[in-house]
Amino acid sequence: MVTAGFHPEHGITFLIRRANPGDIPAIVPLEVMAFTDPWGESGIREAMELYLSSFFVAVAHGKIIGFCGGGIEDTGDVIYGHLCTLAVADEYRHKGVGRELLRWIEDDLRQKGAAAIQLEVRISNHSAITFYKRLGYQEIFCYDSYYKDGEDGLVMMRWFST
């Protein structure tokens with residue numbers, strides 16, 4: 001499954017497709033650029049092969065410009081999606097790439113039975129929190145010292161309409 005996206009307001013054409021292990025070398029530099037504590041190549045490979053059922057990349061001009069990954073969690077009472085990672089190259093931010101990646105993973109997790117999708121974000125990452133709120137995510141609670149460096153993690157969730 002592949003789709004092309006053209007955003008005339010941003011003058012950018014890109015496509016979204018399922019990621020594969022061959023994409024990992026191109027994903028790693030984006031992840032290092034985006035996150036304080038990146039998973040690294042082995043962490044991404046393990047996640048992709050073992051527990052992330054949904055992993056997508058955005059491609060423009062033959063190069064990966066963004067990615068997202070997540071999976072399904074079943075509490076016994078409810079099945080929900082968990083967005084574990086999402087990043088877009090600096091030069092492609094604010095051009096609709098992140099929004100489109102998020103739409104793809106939400107649709108994929110919903111098709112797999114998710115009633116909602118959850119994510120964690122650093123409490124200091126105001127731009128990401130604003131981005132997710134604009135797309136219908138709500139703040140649920142805060143994990144104290146969630147990240148390796150002791151920063152708190154804000155849990156956000158979006159419920160899908162039935």
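This passage describes the fold, the surface and some local features of a single chain in a predicted model. Residues are numbered from 1 along each chain as its sequence is written, and side-chain values use heavy atoms, with hydrogens and water left out. Because the model is predicted, local features need pLDDT of at least 70 and side-chain atom pairs count only at pLDDT 80 or more, whereas totals for chains, interfaces and linings use all residues.

The chain contains four helices and eight strands, where helices (H or I, at least four residues) and strands (E, at least two) are DSSP runs numbered from the N terminus. From the N terminus on, these elements follow the order β-β-α-α-β-β-β-α-β-α-β-β. The radius of gyration of the chain is 15 Å, close to the 15 Å that the globule rule gives for 162 residues, so the chain is as compact as a globular protein of that length; the radius is taken over C-alpha atoms, and the rule is 2.2 Å times the number of residues to the power 0.38. Along its principal axes, the C-alpha trace spans about 40 × 40 × 35 Å. Among contacts (heavy atoms within 4.5 Å) between residues at least 6 apart in sequence, 57% join residues at least 24 apart.

Of the 162 residues, 46% count as buried, a term that denotes under 20% relative accessible area, with exposed meaning over 50% and partly exposed in between (1.4 Å probe, protein chains only). The chain exposes about 8500 Å², of which carbon and sulfur atoms supply 51%; accessible areas come from the Shrake-Rupley method with a 1.4 Å probe, and for residues only the protein chains shown count as cover.

Strand β6 (residues 116-122) is mostly covered, with seven of its seven residues buried. Ala-116, Gln-118, Glu-120 and Arg-122 point one way from this strand, while Ile-117, Leu-119 and Val-121 point the other way. β6 pairs with β5 in the parallel sense over three bridges, pairing being assigned if DSSP finds at least two bridges between two strands. Gln-118 in β6 is the bridge partner of His-82.
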